[in-house]
Amino acid sequence: MEKIRWQNSLSIGIDLIDNQHKQWIEHYNDIVDSLTSQQNRSQISKTLGFLIDYTEGHFSSEEKYMSATKYPGLPEHKAKHDELRATLATLVKEFEEEGATTQLSNAVDTFLGHWLIKHIHEVDMKFGAFVKENKIILS
Ligand SMILES: [Fe+2]
Ligand SMILES: [Fe+2]
């Protein structure tokens with residue numbers, strides 16, 4: 001599993017959201033550290049907890065902005081968030097039952113890391129374009 005590095009191509013053009021993505025990446029990298037350095041169970045559980053809380057906060061915040069700006073893509077976007085919410089719940093359950101297995105590391109890498117990058121590029125980016133097109137200032 002590899003850490004994610006922020007790069008400008010990930011910017012969706014909304015500072016508030018870009019900053020949240022940067023934070024999300026840091027939490028993601030923390031979980032990569034925890035899993036690759038084989039930290040103890042309670043440390044991994046804590047890191048995973050931070051990531052989950054942050055993810056929920058971020059998703060709610062994006063959905064709030066989309067709703068406030070009457071973004072027509074909201075239902076579709078929210079459905080993608082809901083998929084990841086469900087995936088995270090499954091990952092936590094697996095971790096609680098099996099501990100930090102190789103499968104868990106692979107799942108974090110694929111379902112979180114790759115998902116996040118793809119989601120920013122393909123889904124969040126559309127909202128960024130909408131905000132720009134309509135000259136909306138988010139605060
Ligand atoms: Fe996002
Ligand atoms: Fe999103």
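Start by selecting Lys70: just after helix 2, this residue takes a positive phi of about 50 degrees. Helices here (H or I, at least four residues) are DSSP runs, numbered from the N terminus. You're looking at a predicted model, where local features need pLDDT of at least 70, side-chain atom pairs count only at pLDDT 80 or more, and totals for chains, interfaces and linings use all residues. Residues are numbered from 1 along each chain as its sequence is written, chains are lettered from A and ligands numbered from 1 in the order in which they are written, and side-chain values use heavy atoms, with hydrogens and water left out.

**Helix 2**

Now step back into helix 2 itself. Its 28 residues should span 40 Å at 1.5 Å a residue, and the end C-alpha atoms are 40 Å apart, so the two agree. (The expected span is 1.5 Å times one less than the number of residues.) Colour the buried residues, among them Leu48, Phe59 and Glu62. Buried means under 20% relative accessible area, exposed over 50%, and partly exposed in between, using a 1.4 Å probe and protein chains only. What covers these buried residues includes helix 1, helix 3 and helix 4; contact means heavy atoms within 4.5 Å.

For a contrast, click Lys64, also in helix 2. Lys64 counts as exposed because its relative accessibility is 54%.

**The iron ions**

Keep Glu62 selected and show the ligands. Which residue coordinates both the iron ion (ligand 2) and the iron ion (ligand 1)? That's Glu62, and the two ions are 3.4 Å apart. Donors are N, O and S atoms within 2.8 Å of the metal (3.2 Å for Na, K and Ca); water is not among the atoms, so sites may look incomplete.

**Helix 3**

Follow His77 and His81 into helix 3 (residues 74–98): they are 4 residues apart, so about one helical turn separates them. In an α-helix there are 3.6 residues a turn, so residues three or four places apart point the same way. Are these two histidines buried or exposed? Both His77 and His81 are buried. Other buried residues of helix 3 include Leu84, Arg85 and Phe95, and the buried set packs against helix 2 (41–68) and helix 4 (102–133). Just past the end of helix 3, find Gly99, with a positive phi of about 80 degrees.

Most residues other than glycine have a negative phi. Pick Gln38, in the loop between helix 1 and helix 2: its phi is positive, about 50 degrees, although it is not a glycine. Gln38 is exposed, with a relative accessible area of 68%. Then jump to Lys135, in the segment after helix 4. Its phi is also positive, near 50 degrees, and Lys135 counts as exposed at 70% relative accessibility.

**Last stop: the lining of a pocket**

Finally, select Ile12, Leu16, Val131 and Ile137, which are among the residues lining the largest pocket. A pocket, on a 1 Å grid over the protein atoms alone, is an open set of points where a 1.4 Å probe fits, with protein on both sides within 12 Å along at least five of seven lines; lining residues have an atom within 4 Å of a point. Which helix supplies the largest share of the lining? Helix 4 does, with 3 residues.

Definitions and conventions. Helix = DSSP H or I, 4+ residues; strand = E, 2+ residues; numbered from the N terminus.
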